[in-house]
Amino acid sequence: MSAILAATLKVVFLALMWLFILFVANTVRTDLFGRTATASDLTDTPGPTGARGAKRRRRRRDPSRLVVIAGRRTGLEAPLDGEISIGRSADCILDIDDDYASGHHAQLWQDSAGRWVITDLQSTNGTYVNGAKIAEPTLVGPNDVIRIGRSQLKLER
């Protein structure tokens, strides 16, 4: 085998190895940090005809309150109707009284499809969903833990 052919095979093998490493790293990143919803993901998509009964069944299992599960205000809750402003300001619907939270830290709202979405309001310390810092509006559900400062919140039924 010629030296040129051997060198070419080495370079091709090395390139394939690097592609594999990048693929694995991207998979691990996606598994650890999840996926945030973009504005286009939150648009209203028409459901199949006859979805009315399924929607009614799903509504019964939907969360009905936002509860502080850890922090200074553990046990504090707010009913889930309309937009909920979260922060340490007295005019917030959910005043979490946390030194690491901004006055108006985050906002929780329901999109037109009935899903709950949290948005960080350009806070200093950020808003986290399941340990990942969010930069865009992010869908949340009953199994997700929202962290603002030292406080942890959860949607409950």
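## Helix, strands, core and salt bridges in a predicted chain

L32 lies in helix α1, which spans residues 3-33, where a helix is a DSSP run of H or I with at least four residues, a strand is a run of E with at least two, and both are numbered from the N terminus. This is a predicted model, in which local features need pLDDT of at least 70 and side-chain atom pairs count only at pLDDT 80 or more, while totals for chains, interfaces and linings use all residues. Residues are numbered from 1 along each chain as its sequence is written, and side-chain values use heavy atoms, with hydrogens and water left out.

With a relative accessible area of 59%, L32 is exposed; exposed means over 50%, buried means under 20%, and partly exposed covers what lies in between, with a 1.4 Å probe and protein chains only. L32 is also one of the residues in a nonpolar surface patch of about 1200 Å², whose members include F13, W18, F23 and F33. Such patches are made of residues with over 30% relative accessible area and no salt bridge, with nonpolar side chains (Val, Leu, Ile, Met, Phe, Trp, Tyr) joined within 5 Å and like charges within 9 Å.

The chain as a whole has 2 helices and 11 strands, and buried residues make up 29% of its 157 residues. Its accessible surface comes to about 10400 Å², of which 57% belongs to carbon and sulfur atoms, the areas being computed by the Shrake-Rupley method with a 1.4 Å probe and, for residues, with only the protein chains shown counting as cover.

The largest nonpolar core has 20 residues, and those with the most contacts inside it are L66, I86, L94, L108, I118 and L153; a core of this kind is a set of buried Ala, Val, Leu, Ile, Met, Phe, Trp, Tyr and Cys residues joined through side-chain atoms within 4.5 Å. Strands β1 (65-70), β3 (84-87), β5, β6 (116-120), β10 (145-148) and β11 (151-156) each supply at least two residues of this core. Leaving aside neighbours within four places in sequence, L108 is in contact with residues including L66, I86, I118 and L155, where contact means heavy atoms within 4.5 Å.

H105 lies in the loop between β4 (94-95) and β5 (106-110), and is buried, with a relative accessible area of 0%. The side chain of H105 reaches the backbone oxygen of G126 at 2.8 Å. Beyond neighbours within four places in sequence, the contacts of H105 include I86, Y100, D120, G126 and I148.

A search of the whole structure finds 5 salt bridges, each defined as a side-chain nitrogen of Lys or Arg within 4 Å of a carboxyl oxygen of Asp or Glu. Among them are the following.

| Pair | N to O distance |
|---|---|
| E77 and R65 | 2.8 Å |
| E156 and R65 | 3.1 Å |
| R72 and D97 | 3.7 Å |

R72 lies in the loop between β1 and β2 and D97 in the loop between β4 and β5, so this pair ties together parts that are 25 residues apart in sequence. R72 counts as exposed at 54% relative accessibility, whereas D97 counts as partly exposed at 34%. Salt bridges that share partners join R65, E77 and E156 into one network.

Technical notes:
A polar contact is a pair of N or O atoms within 3.5 Å; within protein, one must be able to donate a hydrogen and the other to accept it, and residues adjacent in sequence count only if both atoms are side-chain atoms.
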